[in-house]
Amino acid sequence: MAQHIITFDNVQKVYDDTVVLKNVSFEIEQGKFYTLLGPSGCGKTTILRLIAGFIEADQGDIRLEGKRVNDIPANKRKVNTVFQDYALFPHLNVFDNVAFGLTIKKMPKMEIEKKVKDVLRMVQLSGFEDREISEMSGGQRQRVAIARALANEPEVLLLDEPLSALDLKLRTDMQYELRELQQRLGITFIFVTHDQEEALAMSDEIFVLNKGEIIQSGTPVDIYDEPINRFVADFIGESNIVDGLMVEDNVVQFVGHQFECVDGGMRPNEPIEVMIRPEDMSLTTVEKGKLIIKVDSQLFRGVHYEIVGYDAEGNEWVVHSTRKAIEGTEVGLFFEPEDIHVMRFNESEEDFDARLESYEEEV
Ligand SMILES: Nc1ncnc2c1ncn2[C@@H]1O[C@H](COP(=O)(O)OP(=O)(O)OP(=O)(O)O)[C@@H](O)[C@H]1O
């Protein structure tokens, strides 16, 4: 079995009587791009700080390459952090910023020069050695910060919202660059963001957090297609969510109608929530529609129209369509059985995975 580079086993962190991480457990494999995603204050930075060794866990075990490191100081861990503000020294040039840690470690001068040259090449900043930090753009500063971290040859690079200060265009460019860099170097990246699009675009694995707990973990596609509850569905992408009943396996009822679906493994007539993504529905005539809505408003979004309407029960539906609709008229909505996602109330990730596995074996 491949060894995990980082393991958290029931880790808890308390600040001033408030539990900010509740028994968090996860495993990180070497060489992958992980993202901690969640709203402000959910505990993302706290997890990074615990991995880096800047703070101590109140309970639980933290392991790096199988070895318990709870009591190992930050400078003895093969982990480096790139902070949101990059924490560069404004009075030093690019070379001295990147060389900083190596100088402190008293590495011989020739070796430092070679190392700095190597890491600047990796982040495509060769020739910028003598530039002052104040003369660098936001994206370039970020690359200097990454180069400085890489100079220490970390096995894990922790990145705490490193793109949040950049404008949208540069941010998108840097997303590609960071992903490409991670794949080229094969180092484990743990990236913190509250931006779901960024997480979906960059990660091999995403951990979705809320209130100090990991709510769901998986690949971007898994999490987008099979959110385990309303929180994840709402946080990752846009979604329409209505109450319903799981009549029996493959039959769900909502808005007064029964529909074929692909879910199962629940109690007959169990109350559930139903989620359908706006882009999975298309507009059709009232006669052909599986649901009927009255169009309330529409916005042109460039690639599609965003149409908002209400069904007979007053539920709001958002639909992305390349066709226009007419406000005030009734239209039909069409969707396939696999576009209906059924979510149980209060289902844990473990129970969700176990149910999916046993149900898929049955069918
Ligand atoms: N040193 C501290 N003392 C007291 N409370 C703290 C301290 N550091 C963090 N917290 C609290 O712990 C919780 C988690 O904080 P954390 O910084 O991990 O959140 P986050 O998910 O990274 O948020 P953001 O996206 O806003 O950076 C928050 O409620 C925060 O107020």
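These are my notebook entries on what I looked up in this predicted model.

**Ground rules.** I number residues from 1 along each chain, as its sequence is written. Since the model is predicted, local features need pLDDT of at least 70 and side-chain atom pairs count only at pLDDT 80 or more, while totals for chains, interfaces and linings use all residues.

**Domains.** I started with the domain assignment, whose bounds come from an automatic or database source. I got domain 1 (4-225), domain 2 (238-279 + 337-363) and domain 3 (282-334). Over C-alpha atoms, the centres of domain 1 and domain 2 are 37 Å apart.

Next I checked UniProt: the unreviewed entry carries "domain: ABC transporter" over residues 6-236. UniProt positions are in the numbering used here, feature names are shortened, and annotations may be inferred rather than shown by experiment. I find 37% helix and 27% strand in that span, and its end C-alpha atoms lie 25 Å apart. Helices (H or I, at least four residues) and strands (E, at least two) are DSSP runs, numbered from the N terminus.

**Ligand shell.** Which residues are around the ligand? I list Tyr15, Asp16, Val20, Gly38, Ser40, Gly41, Cys42, Gly43, Lys44, Thr45, Thr46 and His194; a residue qualifies if its C-beta atom, placed from the backbone, lies within 6 Å of the molecule. Helix 1 (residues 44-52) contributes the most to this shell, with 3 residues. By class I have 3 nonpolar, 7 polar and 2 charged residues. Here Ala, Val, Leu, Ile, Met, Phe, Trp, Tyr, Cys and Pro count as nonpolar, Asp, Glu, Lys and Arg as charged, and the others, Gly among them, as polar.

I then went through helix 2 (residues 94-104), where Val94, Asn97, Val98, Ala99 and Leu102 are buried. Buried means 20 or more other C-beta atoms within 10 Å of the residue's own, exposed means 12 or fewer, and partly exposed is in between, with C-beta atoms placed from the backbone. What do the buried residues of helix 2 pack against? They pack against helix 3 (109-122) and helix 4 (138-151). Lysine 106 follows helix 2 and has a positive phi, near 60°.

The largest nonpolar core has 87 residues, of which Val98, Ala147, Ile190 and Val208 touch the most other members. Helix 4 gives the most to this core, with 7 residues. Such a core is a set of buried Ala, Val, Leu, Ile, Met, Phe, Trp, Tyr and Cys residues joined through C-beta atoms within 7 Å. For valine 98 I set aside neighbours within four places in sequence and found contacts with Val116, Val119, Leu120, Val144, Ala147, Arg148 and Ala151 (contact: C-beta atoms, placed from the backbone, within 7 Å).

**Loops.** Glutamate 65, not a glycine, has a positive phi of about 50° and sits in the loop between strand 4 (59-64) and strand 5 (67-68). Because glutamate 65 has 14 C-beta neighbours inside 10 Å, I log it as partly exposed. Glutamate 153 also isn't a glycine and has a positive phi of about 50°; its loop runs between helix 4 and strand 7 (156-160). Buried or exposed, with 11 other C-beta atoms within 10 Å of glutamate 153? Glutamate 153 is exposed.

Alanine 87 lies in the loop between strand 6 (79-82) and helix 2, and is exposed because it has 11 C-beta neighbours inside 10 Å.

How values were computed
Contact = placed C-beta atoms within 7 Å.
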